Amino acid sequence: MKIDEKLTLDRAYYKIGKLNDALDDLNTALQLRPNYKSAIEKKADVLLSMARFEDAAREYQTLKRINPKSKELRVRKRLAKQHLLYVC
């Protein structure tokens, strides 16, 4: 299966609430292309949906290293950290 097909499958899983399956597909995609921005961003979003806030913040930090000028990523990373502080 091609990487783009994995990401399409990931979106389908995400939409129907199969977050573990979505995460598995994203991890496979990232094994093939470790710096694939779209896969990292989607993985962070899935982790956030799973209430895995520390993991989500780590993925957003990875994205920030790849794309340091992204204002949206700053906001998402802050959101993940705020959720982490609220839960702990």
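1. A helix, as the word is used in this note, is a DSSP run of H or I that covers at least four residues, and helices are numbered from the N terminus. With that in hand, one can read that helix α3 is followed by Ala51, a residue whose phi is positive, near 65°. The structure under review is a predicted model, and what follows should be read with that in mind.

2. On the overall fold, the protein chain holds five helices and zero strands, and when it is read along the sequence the pattern is α-α-α-α-α. Among contacts between residues at least 6 apart in sequence, 44% join residues that are at least 24 apart.

3. As for burial and surface, 35% of the 88 residues of the protein chain count as buried. The accessible surface of the chain comes to about 5800 Å², and 52% of that surface belongs to carbon and sulfur atoms.

4. Helix α3 takes in residues 37-49, which makes 13 residues, and from its first C-alpha to its last it reaches 18 Å, close to the 18 Å expected at 1.5 Å a residue.

5. Helix α4 covers residues 53-66, with 14 residues and a reach of 20 Å between its first and last C-alpha, which is close to the 20 Å expected at 1.5 Å a residue. Within α4, the buried residues are Phe53, Ala56, Ala57, Glu59, Tyr60, Leu63 and Lys64. Seen down the axis of α4, these buried residues fall within an arc of 160°, and therefore they line one face of the helix.

6. The largest nonpolar core has 19 residues, and those that touch the most other members are Leu30, Ala39, Val46, Leu48, Ala56, Tyr60 and Ala80. At least two residues of this core come from each of α2 (19-32), α3 and α4.

Methods: Residues are numbered from 1 along each chain as its sequence is written. This is a predicted model: local features need pLDDT of at least 70, side-chain atom pairs count only at pLDDT 80 or more; totals for chains, interfaces and linings use all residues. Side-chain values use heavy atoms; hydrogens and water are left out. The expected span of a helix is 1.5 Å times one less than its number of residues. Buried means under 20% relative accessible area, exposed over 50%, partly exposed in between (1.4 Å probe, protein chains only). The arc is that of the directions from the helix axis to the C-beta atoms. A nonpolar core is a set of buried Ala, Val, Leu, Ile, Met, Phe, Trp, Tyr and Cys residues joined through side-chain atoms within 4.5 Å. Contact means heavy atoms within 4.5 Å. Accessible areas come from the Shrake-Rupley method with a 1.4 Å probe; for residues, only the protein chains shown count as cover.
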